[in-house]
Amino acid sequence: MTDPSAILPLEVRGLALAFGGRAALAGLSFDLGREGLTVVLGANGAGKSVLLRVLHGLLRADRGRIRWNGRPPGAAVWRRQAMVFQKPVLLRRSVAANIDFALAARGLPRRARRRRLEAVLEGCGLGPLARRPARRLSGGEQQRVALARALALEPEILLLDEPTASLDPAATRAIESLLRDSRAAGTRILLVTHDVAQARRLAEEVIFLERGRVVEQGPAAAFFAAPRSAAARAYVEGRLPP
Amino acid sequence: MIRLLVLLSLLLAAPAAGAAEDFIILQSTTSTRNSGLFDHLLPKFTAATGIEVRVVAVGTGQALKNARNGDGDALLVHAMERELAFVAAGHGVLRCDVMYNDFVIVGPAGDPAGIAGGRDAVAAFARIAATASPFVSRGDDSGTHTKERALWRLAGIDPTRAGRWYREAGAGMGATLNMAAAMEAYTLTDRASWIAFANKRDLQLLVEGDPRLFNQYGIILVNPARHPRVNFAAAKAFRDWLVGPEGQAAIAAFRVDGQQLFFPDADCG
Amino acid sequence: MEDLGAAFALALDLVLGGDPELVAIVGLSLAVSLSAVAIACLLGMPLGALLASVPFPGRPAAVVLLDALMGLPPVVVGLFVYILLSGAGPLGALRLLYTPQAMVLAQAILVTPIVAALSRELLAGLQEEYAEQLRSLGIGPWRAIPTLLWEGRFGLATAALAGFGRAIAEVGAVMIVGGNIKGVTRVMTTAIALETSKGEIALALALGLVLLALALLVTGSVAVLRGTAARLAHD
Ligand SMILES: Nc1ncnc2c1ncn2[C@@H]1O[C@H](COP(=O)(O)OP(=O)(O)OP(=O)(O)O)[C@@H](O)[C@H]1O
Ligand SMILES: [Mg+2]
């Protein structure tokens, strides 16, 4: 693991971003190691989605420091990331063409594209759907395609923003199993979810956000056993805030 | 979808582009076209010479303006004084009288101004103004409009200030006749347009035979010294044919409903 | 009322009789308007996509201007092209005045803003949905243009049709730059204007009915094509 182009570990310090005077990120700091599956938890509006967008380069922070293996954000960093959004945005073409589109956008030569496409269709169990119009698939199938598209890019880190928020249990299970597989294959995963049960199933590490700040970060087992902050405790226990 | 459109249109556009090799553009009045005269004359000329004549029919004023810009090789119009001025200014050359007919005053059968059967056009105009009967003017600076304004001048009336009975259509002869028919109004028209006009409804020919209603058509060639791109040779061939025995005979032979509409009187003096 | 009945009978007669002059006029109408729409699509759709995708200072003003240009009166466009192509004008040497090419040019100018504005409207909606995903895949606003055009292809057919409807129905521009020359630049609308001016109201109406049928035919075939394409391809 001494690849010089590697972007992990990640170091975030004092990240702040306000929309029209209202802080979405309020001096947020944390570190991410080279391996593992980290779940980001927090109430609505805590800043989870904004954080992922800033890390992925879709939004610029007002202040703060981001260092990917010592380097500031930029094209070289972004190339080694992939992101899956809550609502999958697929193009009006076949499943295979959707994945190929992402690979072509990265400038991969045709041969490499074909190889990766076949591998990811196979790995995600999408072979039978490959020729189907992507937009006509069910929500769960579409999200699986979106995840496959992200995985085809072979990212070092995969950012996911509530990928199973509107999926039924079976579809959720399919996504989770794909995430476990890629985690096992060495992909770093940063997953935003509202589903505490899902977090318990998947997380090795938890980051808990409140009002744009990290209030807790630690191993999942310890976090779920005894959340330190009152907000996290309430959240995990599923209590409604006062 | 886009590619399909491009392909389709290229296929369709190909044959539409170039037809005849040698052609001239003739700027002309609407009366000569609408009466069908060109459909009668031009095939004969083309058969004799191989030259195609493409007619752009507009009012005399517009025709003179277009020709002044070099848009056209020859003119066939009817406003003698303006034609002579056009030649004098160096825009045109080799003007000839070609043929004549006359203007007539038409109006509703009810004839509120009581001009039916008269032979004095100026008196008729004065009656129309005096009774404030609706009158539709071409209002488009055409040869007919030029003639109409001259008649009002002779009657000592400025109709544009006279009142709401005077309507300027700003349109060709046909559109003006359509309006006059719909509004039961009087109007001045050349006889050829009148006879060939198919939507007369209640309109009737009321005044004719005044020598002041004489309507002379002339041909002018666009000056090649001014506009080197004109097809002067072909335009001159057309003029020579038109004022020659063949063209003059063809004009005399043209009939609508058995009536002769144009009378040859070639004179290149 | 008489005229209306006569018009229907005449229209049927004209169509069934296959009058060669009418066939030529219909052919030229289609050729001119389809060529103009093709040019308008080639220019207007990428322009619409650009306005939808690429932010730049003055973009809102450009959009307002484009929307306003949709209302360009055909006569004004005709005059503009006339001045351009006139023997005394800057492009007079091309000798294009009173040719079908001049008519294509005028209609293309008339229709391009319509196609562009409608495309922009449609693609702006698409780009809102796609922008973040595309950026995540490394597709910036410029590279998103072809993607948006392809993704919007079925909707864009409607923009093209709107342009075609405007082109095939306009008379002011083609009259001025074409001159309504029999056998050379006479199209359906100028023929209708001519017959009206001759007082041949029934014939003019009949030609109008043929024009309507023509527009229906084109619109209908595009709708069918689009339907099958959307079903076969990947909506
Ligand atoms: N583009 C934006 N413009 C203005 N405000 C925004 C924007 N994006 C996010 N915000 C605000 O930033 C704050 C954090 O939003 P964010 O979407 O990160 O919340 P979240 O933690 O993802 O919430 P949820 O669990 O509901 O997804 C919210 O108050 C939100 O309204
Ligand atoms: Mg969110």
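Modeller: Let us start with the polar contact, which is a pair of N or O atoms within 3.5 Å; within protein, one must be able to donate a hydrogen and the other to accept it, and residues adjacent in sequence count only if both atoms are side-chain atoms. The model is predicted, with local features needing pLDDT of at least 70 and side-chain atom pairs counting only at pLDDT 80 or more, whereas totals for chains, interfaces and linings use all residues. Residues are numbered from 1 along each chain as its sequence is written, chains are lettered from A and ligands numbered from 1 in the order in which they are written, and side-chain values use heavy atoms, with hydrogens and water left out.

Biologist: How many residue pairs in polar contact does that give between chain B and chain C, and which elements of chain B supply the side that touches chain C?

Modeller: Between chain B and chain C there are 13 residue pairs in polar contact, both residues being at pLDDT 80 or more. On the side of chain B that touches chain C, at least two residues each come from α1 (2-16), β1 (23-28), α2 (30-34), β2 (52-57) and α8 (173-183) of chain B, where helices (H or I, at least four residues) and strands (E, at least two) are DSSP runs numbered from the N terminus. The most is given by α1(B), with nine residues. By class, that side of chain B has 17 nonpolar, nine polar and seven charged residues; here Ala, Val, Leu, Ile, Met, Phe, Trp, Tyr, Cys and Pro count as nonpolar, Asp, Glu, Lys and Arg as charged, and the others, Gly among them, as polar.

Biologist: Why is the pair C:Lys182 and B:Asp39 called a salt bridge?

Modeller: The rule asks for a side-chain nitrogen of Lys or Arg within 4 Å of a carboxyl oxygen of Asp or Glu, and the closest N and O atoms of C:Lys182 and B:Asp39 are 2.7 Å apart, so the pair meets it. The count between chain B and chain C is one salt bridge.

Biologist: What makes chains B and C a touching pair, and what makes chains A and B a pair that does not touch?

Modeller: Contact means heavy atoms within 4.5 Å, and 33 residues of chain B are in contact with 36 residues of chain C, so these two chains touch. Of the two pairs of chains that touch, chains B and C have the most contacts. Chain A and chain B, by contrast, do not touch, and their nearest C-alpha atoms are 16 Å apart.

Biologist: What area is buried between chain B and chain C, and what is buried between chain C and chain A?

Modeller: The size of an interface is often given as the accessible area lost when the parts come together. Chain B and chain C bury about 2,800 Å² (the accessible area, with a 1.4 Å probe, that two parts lose on being put together, summed over both), and 60% of it is on carbon and sulfur atoms. For chain C and chain A the buried area is about 2,100 Å², of which carbon and sulfur atoms give 49%.

Biologist: How many salt bridges does the rule find across the interface of chain C and chain A, and how do you know that A:Arg92 and C:Glu151 form one?

Modeller: The rule finds four salt bridges there. A:Arg92 and C:Glu151 have their closest N and O atoms 4.0 Å apart, and the pair is counted as a salt bridge. Chain C and chain A also have 13 residue pairs in polar contact, both residues at pLDDT 80 or more. The elements giving two or more residues to the side of chain C that touches chain A are α5 (100-136) and α6 (144-151) of chain C. The most comes from α5(C), with eight residues, and by class this side of chain C has eight nonpolar, five polar and seven charged residues.
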